[in-house]
Each structure stands twice: as structure tokens, then as C-alpha cells.
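I opened this structure today and kept notes as I went. The entries follow in the order I looked things up.

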Amino acid sequence: MQMTHKNIDNAFKGFRKLFDQAFENATSHKDTVAMTVPSLSSEEVYAWLGQFPELREWIGDRQINQIAAHGFTIKNKLYESTVTVKRTDFEDDRLGLYKPLIQEAGRASRTHPDKMIFSMLKQGFDTMCFDGQNFFDTDHPSHLIEGGSHETVSISNMQVGSGKSWYLIDASRAIKPVIWQERVPYDFQSITGDQDAHVFLRDEFLYGIRARVNCGFGLWQLAFGSKAELTTENYSEARSAMMAFPGDAGQLLGVSPTHLIVPPSLEKEARALIFADQVEGTSNVWKDSVELVVTPYVA
């Protein structure tokens, strides 16, 4: 193949098409678990976390709700992945050798948010969220107002145990349990110029991905983590707890679990719980009660 600018440009377009196709075809649960928030700086502060819009009867003037300054900050991180293509392989028209690598780069870019999000979810028992408690905790503060007096009570969104962790989330709302922050989305780039120092010194072209992203915990009220055995009793208890969750001001949020997230080691138990007609010889009242997500990133 002649080393013309047109041929080099066509090669990049071909690689880009392979990358885009693999990216689109890969399975990702990012948009299920997380809300994507565009970032305009190196970091973003989420002062509104914990605030839920609530309607009240309009008597007198409007009641203006002040946003609590939780000061929860997510800093963007820089990620890359690079593939080298020998210039001699380009000259000898052997670019097909690199097709699997480019496709894998596309798949890896698509699933990278899943890896970050679910790995963080797994660490939620030991990682602080906006209210100063661990995301999965037995002591989340909620401020109840009764008879004009304020009372702070503790709310739990976890079950204690020693088994493999599993999770319930409510993904039905615009606000999600996890925030996916995107400063620069996954971009496919190249260095192929004859005058570039790397091409001159190494006699190879570079194709790579660059992204500035990060994730952080959103609202703990939309998630429940359990280290107890995945049984009908524990599942029922977790659902009931979630549906009774209050907001920061004590108002009932109307949370309803939509997804059960498990590692591969709990897939059998999860499928029996969610899809079987019967459990232990009796009718399965929890059949199809949630959608199932099985991911190795919470293992």
C-alpha cells in the first residue's frame, strides 16, 4: 500500500468504523444504574444531593427550599488506551491483523463505565457518600418534623452478613443511585504523520482512546446493599425497607426497586428468585418483580 495521506486517512476511517461498531454492540448497564452528568471543569460539586422536590398545598406565599450545601465533589480522571501499528504492516497491506485489537478497544471503551460504576458499588459499604455516611450504612440521618419539632432518626439501607454482596436499586427516576460524570467522552485518535517524532523514531503509527470521566455516589435512598444470603425473606425485607425510605426532610419518597444486581456466583439464586414459578414448592410471589443484572464487576 502506498504511504499517501489519502490511504492513511482511509485507514483511520476504517479503524474508526470498527471501533464505533464494537462500541455500539457491546453490552453496558451504565445508563440503567447511573445518570450521566456533563462536566465543564476539572471537578463538579453536587450541592443538591439529598434534596427531593415535593409538592405541598399552596397556602400563603411560596415556600422556598434552600439547597443544603453537602459539598459532595467528583473530580474527573484521565484515561487512555493505545494500539501501535507497524509502518511496515501498513506498507505491506496487513492492517487486517489489527482488526481484533481495534474492536477490543471499542468494546473496552463501552464497558469501562460499567467497570468503574459497579466496582464503586461494591465498595459502597466502606465509601462515604454526600451525607457523611458510607453509601450502604445503618446510620443515614433523616430529619423528621412532628408537631413542629425536629427529630433526627437513623435509616439503614443495608443488611449485615458474611456472604456475597447483592444490590437492589430504583432506576426508574431521572436521579439515579450513581452519578456518571463526563468531561470528555471516549474519543478515538491517531498519530500517523511522517514528521511526528514517534513515527520517525519507532517507525510505527499510534491509535488510541482518550477520555476524562469519573463516577460517584448519588442518592443512597435509591439503593440497598446486602451481604446476607440471597433468600426470599432477605429480598422481601430489603424491598420493604427501600419502599419506606424518607428524604432528608422526612417525606416518604415512594421508592420502588426495579433492578437486582448480583455477581456471577449468585446468578443461580437470583434467577430462581426472580424467574421461577415456584420457590421451595410454593408459588413465587416475587416472580418478575425486578429486572436482573449479572455483572462480574461486583464479584
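I started with Phe125. Is Phe125 buried or exposed? Phe125 is buried, because its relative accessible area is 7%. I took buried as under 20% relative accessible area, exposed as over 50% and partly exposed as in between, with a 1.4 Å probe and protein chains only.

A note on the source: this is a predicted model, where local features need pLDDT of at least 70 and side-chain atom pairs count only at pLDDT 80 or more, while totals for chains, interfaces and linings use all residues. Residues are numbered from 1 along each chain as its sequence is written, and side-chain values use heavy atoms, with hydrogens and water left out.

**Aromatic rings**

I searched the whole structure and got 14 aromatic pairs. Rings of Phe, Tyr and Trp (its six-membered ring) pair if their centres lie within 6.5 Å; planes under 30 degrees apart count as stacked, over 60 as edge-to-face and the rest as tilted. One of the pairs is Phe12 with Tyr207, which is stacked at 6.5 Å centre to centre and 15° between the planes. This pair links distant parts of the chain: Phe12 sits in helix α1 (residues 5-25) and Tyr207 in strand β10 (residues 204-217), 195 residues apart. Tyr207 counts as buried, at 1% relative accessibility.

Then I went back to Phe125. Its ring centre is 6.2 Å from that of Tyr167 and the planes stand at 40°, so I logged the pair as tilted. Phe125 lies in the loop between α4 and β5 (140-146), Tyr167 lies in strand β8, and 42 residues separate them. Tyr167 is buried too, with a relative accessible area of 1%.

I also found one aromatic cluster, formed by Phe12, Phe15, Phe19, Phe23, Phe188 and Tyr207.

**The sheet around β8**

Helices (H or I, at least four residues) and strands (E, at least two) are DSSP runs, numbered from the N terminus. Both faces of β8 (residues 166-169) are covered: Trp166 and Leu168 on one side, Tyr167 and Ile169 on the other, all buried.

Which strands form the open sheet, and in what order? I read five strands in the order β7-β11-β8-β12-β15, with mixed pairing. β7 (158-159) and β15 (291-294) are at the edges with a single partner strand each, so one side of each has no neighbour in the sheet. Two strands pair if DSSP finds at least two bridges between them.

I checked the pairings in turn. β7 and β11 (residues 223-226) run parallel and are joined by two bridges. There, Met158 stands opposite Gly225. β8 and β11 are antiparallel, over four bridges, and Ile169 has Ala223 as its bridge partner. β8 and β12 are antiparallel as well, over three bridges, with Tyr167 opposite Ile261.

**Helices**

Helix α7 (residues 267-275) lies across β12 (259-262) and β15.

Helix α4 (residues 99-122) has 24 residues and reaches 34 Å from first C-alpha to last, close to the 34 Å expected at 1.5 Å a residue. The expected span is 1.5 Å times one less than the number of residues. Where does α4 bend? I found a bend of about 40° at Thr111, and Pro113 follows within four residues. The bend is the angle between axes fitted to the seven residues ending there and the seven starting there.

Last, I looked up Arg202 in helix α5 (residues 197-202). Arg202 is exposed, at 56% relative accessible area. Arg202 and Thr84 are 118 residues apart in sequence and 10.0 Å apart in space, C-alpha to C-alpha.

Definitions and conventions. Contact means heavy atoms within 4.5 Å. Axes are lines fitted to C-alpha atoms, for helices over the stretch in contact, and angles run from 0 to 180 degrees between N-to-C directions.
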